[in-house]
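Here are a few friendly notes to read alongside the model. Take them one point at a time, and keep the 3D view open as you go.

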Amino acid sequence: MIDRRPSAIAQCRGTADVIQAVRFATALDLPVSIRGGGHNVAGHAACDSGIMIDLSQMRTVHVDPQKRIAVVEGGATWAEVDRETQAFGLATPGGLISETGVAGLTLSGGFGHLRARHGLTIDNLVAADVVTAEGKLVRTSADENPDLLWALKGGGGNFGVVVRFEFALHPVGPEVLFIAPIYAVEDGPGPIRAWRDYVAQHDEDLAMICEFSTVPEDDDFPREAWGKKVFALVGIATGAPDAAEALAKPLRELGPLVTDFSGRMPYNDIQRLFDAQTPFGEMRCYWKARYLTDLPDEMIDLAMENALRAPSPNTISSLWNMGSAVRSVPPGATAFGDRSMGWMYSADGVWANAADDDANIAWARDSWACAEPFGHEGRAYLNFPGHGEDSALTRAAFGENYDRLARIKAQYDPGNMFRFNQNIEPQ
């Protein structure tokens, strides 16, 4: 869906290449777009008539198991991070699709399976190396340029090219319990309402997604369920096996099941399970998400109605709970801002043919708009930004933190070189 033509693409192999590319763009007064994993459906990685800095050859991950730190280059994907960290039984909160780039997911927040105990990805970012618009390498941590680290924790790709991230690691796996009972939409919202109440009572242990989808013609599913609208209650339990099984058991007994994929699995395998839903570069996508203050019955009913009228069988939509560790971070601690919302709703249009663009984009926009009465102060998750067409959404998403971000932007990128994102204009 994205067809943009940069004037040049700099395929960087290291930090020196990135510095040279930025200085080249400065000399020609050209803007810069940054490609990390290339996963964002808004196409921010590519620009027209500018310089595209491609980090896909900078993918090294180094793990210090004693310090529990992972040093990750800016072009790495979560598959590479998980492979290296799991060699030591460690992990940091990443995304749900292994092909997602570390950089893009991190800089706008980072929701994943581990958020209940360990927070968002940004809550585990302890340091970074950034090439600024001046072509200078800047180190940021709690002790060095802390304003920049604060801005990177949710402020998007506005402040420079992050060539290296440092993440805190936590003991995880290698096996954990994958929770995935699947219920039919036609059987009603009862299981979702029970799930909502249960995870609210256990949100220090359970970060989950209620994901609506259409059953594919796949022998992993009962043949009589093919083509049906269903919802899966998806998450992981990382504790001791017996305790994890006991925690998950009530969620697997909420009504008649279509099937149940729950079971103990390697953490790395779970991190790859959703890759097939959006195979890289093969589908057309338009995604929108908004935060919800609460999840009343009316919002659950609306989510089910929206799922039923999705025009594509590849489309998914989801309800996410925040988790205790996410909500415990004060509003001013990160650029991400206020965490008092309890839930998130995403409408992820996925389809195959260009002729169906209008219908699928309209469905995602309408599903998102219908949820506005349940929204949390107009705020949205900027990793699911549609195609980035709504600049007002950026200001609303950051709330009271926006002005501080604009001042930091002016310090590190006064000419707005890095503007192919949910842009914060320098103040």
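How do the residues of the lining of the second largest pocket divide into nonpolar, polar and charged? Keep that question in mind; point 3 comes back to it.

1. **The whole chain.** Please remember that this is a predicted model. The protein chain has 13 helices and 19 strands. Its C-alpha trace spans about 65 × 50 × 40 Å along the principal axes. For 427 residues, a compact globule would have a radius of gyration near 22 Å, and the chain agrees with that because its own value is 21 Å. Of these 427 residues, 59% count as buried.

2. **The largest pocket.** This pocket has a volume of about 730 Å³. Its lining is made by 25 residues, and those nearest its centre are Glu 211, Pro 216, Phe 221, Leu 273 and Gln 277. Two or more lining residues come from each of β13 (209-214) and β14 (229-237). Sorted by class, the lining holds 17 nonpolar, five polar and three charged residues.

3. **The second largest pocket.** Now for the opening question: the lining here divides into 10 nonpolar, seven polar and four charged residues. The volume of this pocket is about 510 Å³. In its lining of 21 residues, Gly 38, His 39, Asn 40, Val 41 and Gly 281 lie nearest the centre. Strand β17 (residues 284-292) gives the most to this lining, with three residues.

4. **The cavities.** How many cavities of 30 Å³ or more does the structure hold? There are five of them. The largest cavity has a volume of about 850 Å³. It is lined by 49 residues, and Asn 40, Thr 100, Gly 104, Leu 105 and Asn 383 lie nearest its centre. The elements giving two or more residues to this lining are β2 (32-35), α3 (102-107), β9 (161-168), β13, β18 (316-321) and β19 (343-351). By class, the lining of the largest cavity has 23 nonpolar, 22 polar and four charged residues.

5. **The cysteines.** The count of disulfides comes to zero. Cys 210 is in no disulfide, and the nearest cysteine sulfur to its own, that of Cys 370, is 18 Å away. A disulfide here would need the two sulfur atoms within 2.5 Å. Is Cys 210 buried or exposed? It counts as buried, because its relative accessibility is 0%. Cys 370 is in no disulfide either, and it counts as partly exposed because its relative accessibility is 30%.

6. **A helix to look at.** Which residues of α6 are buried? They are Pro 191, Ile 192, Trp 195, Arg 196, Tyr 198 and Val 199.

Note on methods:
Residues are numbered from 1 along each chain as its sequence is written. This is a predicted model: local features need pLDDT of at least 70, side-chain atom pairs count only at pLDDT 80 or more; totals for chains, interfaces and linings use all residues. Side-chain values use heavy atoms; hydrogens and water are left out. Buried means under 20% relative accessible area, exposed over 50%, partly exposed in between (1.4 Å probe, protein chains only). Helices (H or I, at least four residues) and strands (E, at least two) are DSSP runs, numbered from the N terminus. On a 1 Å grid over the protein atoms alone, a cavity is a set of points where a 1.4 Å probe fits but cannot get out, and a pocket is an open set with protein on both sides within 12 Å along at least five of seven lines; lining residues have an atom within 4 Å of a point. Grid points are joined across faces, edges and corners, and a volume is the space filled by probe spheres set on the points. Ala, Val, Leu, Ile, Met, Phe, Trp, Tyr, Cys and Pro count as nonpolar, Asp, Glu, Lys and Arg as charged, and the others, Gly among them, as polar. The radius of gyration is taken over C-alpha atoms; the globule rule is 2.2 Å times the number of residues to the power 0.38.
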